[in-house]
2 protein chains.
Amino acid sequence: MATLKPRTLSGFMELLPAPQVQMERMMEILRKTYSLYGFTPLDTPIIESSEVLLAKGGGETEKQIYRFQKGDSDLSLRFDLTVPLAKYVAIHYGELSFPFRRYQIGKVYRGERAQRGRFREFYQADIDIIGDGKLDILNEAEIPAIIYKTFSTLGLRRFQIRVNNRKILNGFYAMQGLSERAGDIMRTVDKLDKIGAEKVGVLLTEDCGLSAEQAAEILKFIAITGANAEVLSALEGYRGRNEIFDAGLDELTAVTRYLAAFGVPEENFAVDLTIARGLDYYTGTVYETTMLDHPEIGSICSGGRYDNLAEYYIDKQLPGVGISIGLTRLFYVLGEQGMLNDALNTAPADVLVLPMTQDLGPAIAAATALREQGIRTQIYGEQKKFKAKMSYADKLGIPYVIFLGEDEIAAGKCSVKTLATGEQVTLTVEEAAAKIRAGLQSGGTVIVEK
Amino acid sequence: MATLKPRTLSGFMELLPAPQVQMERMMEILRKTYSLYGFTPLDTPIIESSEVLLAKGGGETEKQIYRFQKGDSDLSLRFDLTVPLAKYVAIHYGELSFPFRRYQIGKVYRGERAQRGRFREFYQADIDIIGDGKLDILNEAEIPAIIYKTFSTLGLRRFQIRVNNRKILNGFYAMQGLSERAGDIMRTVDKLDKIGAEKVGVLLTEDCGLSAEQAAEILKFIAITGANAEVLSALEGYRGRNEIFDAGLDELTAVTRYLAAFGVPEENFAVDLTIARGLDYYTGTVYETTMLDHPEIGSICSGGRYDNLAEYYIDKQLPGVGISIGLTRLFYVLGEQGMLNDALNTAPADVLVLPMTQDLGPAIAAATALREQGIRTQIYGEQKKFKAKMSYADKLGIPYVIFLGEDEIAAGKCSVKTLATGEQVTLTVEEAAAKIRAGLQSGGTVIVEK
């Protein structure tokens, strides 16, 4: 007797088999793409000592952390993949070669208030490049190329990688004598998309205490838009007034110039002076990625350049640049938007072998031969009516069924039925394997745009 | 200033990049092999409600569980992948097709006493086939075929899948009138490998209270060894005395007969009457897998047939058969034994592009072209001496380096150096891609035997 109604915790994604296959396909594309760019996979523990994980202080995140006692140990579940990377690099500093390029796709935990589309356990897919002492600007230019390759391989076309440089912002605010208030100002400017320029202007004077003239300067600055060359050209107008600004402009210009060689189309990349990415962590180039048809979703891939990865753990200057994809949320959003390609095969097998005789030997031998050919094969051994067996293949979307009756076995052949068309042919097992392989078209990319 | 010495918790595996690549390769082979046999991937949460996870009662495991409070919730980390599967099947019963074949490779948590080679966070790689009401014996025969394919693809040759059937054991003990004491007896018989038959006999009489005659019967029974046909033939001598025994013998005979069709060599498979796999869970075929040259390691892949997966969650009879590989421990043991193939490429890239000019454009274009050809490529953009750049490639084991100087760029070519031989040739980027691809021999299997 069942004694308990089973449930999965709210905020924890648990997929049915077909969407899980789509998720796995996305992860495999991420692994392959990151590998193409020379990143090595890492896998750090999900549990860390709280003292280590929270060395920096968790800030906003701290309340959300899953923290608990086990024996004498104060433990926490990781809430991102960056702190564990910092720990890893600090511990293994002497054994790593720099620049150190790693990717990690793993689950992280944040006990957020449960709400639709918010997850407490979710995958992050991160890449970072960590330098020892220095890290060339080339790495900052390569990141958008990787973002572009990743999303275009997944099948997304209508997306834009927005890039800015924190030095340009910091330098600009310094020019205006507003360095002290830069935090408040950036938080206000961040509302531009939502409330528009006019209201931002009002808030800048009323809430941030700026003069009308200062607010106008800021509105003029963030109104610099257009093609990348135009934006850079407008920024040149500010050159010579602040060293930090000039350094940032040089970096942004270099990043933009290199991107053409990296093969990133102009329409997928935009210099955007409103991007800031928080207040204290990033120090150079910053990135956001938005879906052009779904701006309401916000950034699907963000990151930037930072000056010191592991200052709490090691007395080495370890500058880096990295990005993170919130994979669980992205997958959820794609599903909600109907953007996951249903035409892709999500069946557990390419072919179902149906034995039609008492002796299962010939069916087993056929399945073994098909598997040797790389064909994903199930044998249906249950004692069921023929209709139930076919319905099993049908429900799972297994595209081919092979029948092995007395006649086929005697002739050393098998009957291959293509479920989509109903076509049935008699072939040797080798011919069947070739037919099935040829028929397994990719069906396109994981993501489809309407 | 670093404020804290970073550390990774004891009992948690955290690999350096090269072994991590080997681990990833093992996981990919498991995923591919399981897929070949028609298993679909699942991914369940690591955290579950304690009430759900411990519905059955944890027994020995319960003390080891990572259990904690978060807000009002009593939560636990999963300690295996079977209980989450039971929960999953019970929740999604109406949406699944049966037999339901799933694989899951995921981390599980047990707070065992820390000791060398014991892990508190470790991967299990599980497959299970769940029937609805019934499940044909064919599935029990297929499991050793999958074990064989998995380990032989990994590169292991000297291993043996040992198979028994719990019905044979239960039937035999019933014949002897020893059903009540079967648990104690099996625990004693389990020591056979360690202490030998004579001492087992002594324990059977002294500790289990058997008569000398009964002990002799048991010793005679477990002494049935030899080729599979011989063992089965000897077992036939007991037929007709107990129904359960006869049913078990029929099953074991069917499993053994089908294995030849599945392509499992006789030397990798043995009927072994001493295998029992615990007391209450398994009800039919049971499996263990041992490395012939390392019996001290114990079973590297175990499992069996059970009658009811999810009785605590749902009033449906859901018989199943499954196996589990303790992947983290296996990887650790293989490393200790020097059985991980060092000849395999564990570099993060196949080629390192070294720009020799101020303008990085041509190097970026070359790297982009190589990546388009599927070659894993890094560009080395740091301002370092030539020797330091070469040393970077060398340390990471990147097999090829491409130089792009003024001459090469002017000629539309690049210089390709093979680090292992020192050979250097000037080629177009397309030719370089072809050369590198051809040179990237697989280097063999993940596991090598000495």
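**Where the chains meet**

I started with the interface: 80 residues of chain A are in contact with 80 residues of chain B. I then asked which element of chain A gives the largest share of the side that touches chain B. That turned out to be helix H1 (residues 17-36) of chain A, with six residues. Sorting the side of chain A that touches chain B by class, I got 41 nonpolar, 19 polar and 20 charged residues. A reminder to myself before going on: this is a predicted model.

**Symmetry**

Next I looked up how chain A can be laid on chain B. A turn of 180 degrees with a shift of 0.0 Å along the axis does it, and the RMSD is 0.0 Å. The two copies are therefore related as by a two-fold rotation axis. The same surface serves both copies, as 100% of the contact residues of chain A recur in chain B. Which residue of chain A comes closest to the rotation axis? I found A:Phe68, with its C-alpha at 3.0 Å.

**Chain A on its own**

I noted 15 helices and 16 strands for the secondary structure of chain A. Its C-alpha trace spans about 90 × 55 × 45 Å along the principal axes. Chain A has 450 residues, and 46% of them count as buried. I also checked contacts in chain A with a separation of 6 or more: residues 24 or more positions apart account for 69% of them.

**A three-stranded sheet**

I picked out one open sheet of chain A, with three strands in the order E2-E4-E3 and antiparallel pairing. Strand E2 (47-49) and strand E3 (67-70) of chain A are the edge strands, each pairing on one side only. On average, neighbouring strands of this sheet are turned by 40 degrees against each other, direction ignored. Zooming in, I saw that E2(A) and strand E4 (residues 73-77) of chain A run antiparallel and are joined by three bridges. What is the bridge partner of A:Ile47 in E4(A)? It is A:Leu77.

**The core**

Last, I went to the largest nonpolar core, which has 270 residues. The members that touch the most other members are A:Val351, A:Val353, A:Ile402, B:Val351, B:Val353 and B:Ile402. I followed up B:Val353, leaving out residues up to four places away in sequence. Among the residues B:Val353 touches are B:Ala363, B:Ala366, B:Thr377, B:Ile379, B:Tyr380 and B:Leu404. B:Ile402 is also one of them. As general background, nonpolar side chains tend to be buried together in soluble globular proteins.

Technical notes
Residues numbered from 1 in each chain as written. Chains lettered and ligands numbered in written order. Predicted model: local features only at pLDDT ≥ 70, side-chain atom pairs only at ≥ 80, totals over all residues. Helix = DSSP H or I, 4+ residues; strand = E, 2+ residues; numbered from the N terminus. Buried ≥ 20, exposed ≤ 12 C-beta atoms within 10 Å, placed from the backbone. Contact = placed C-beta atoms within 7 Å. Core = buried A, V, L, I, M, F, W, Y, C linked by C-beta atoms within 7 Å. Nonpolar A, V, L, I, M, F, W, Y, C, P; charged D, E, K, R; others polar. Pairing = 2+ DSSP bridges. Axes fitted to C-alpha atoms, helices over the stretch in contact; angles between N-to-C directions. Least-squares fit on C-alpha atoms with pLDDT ≥ 70 in both.
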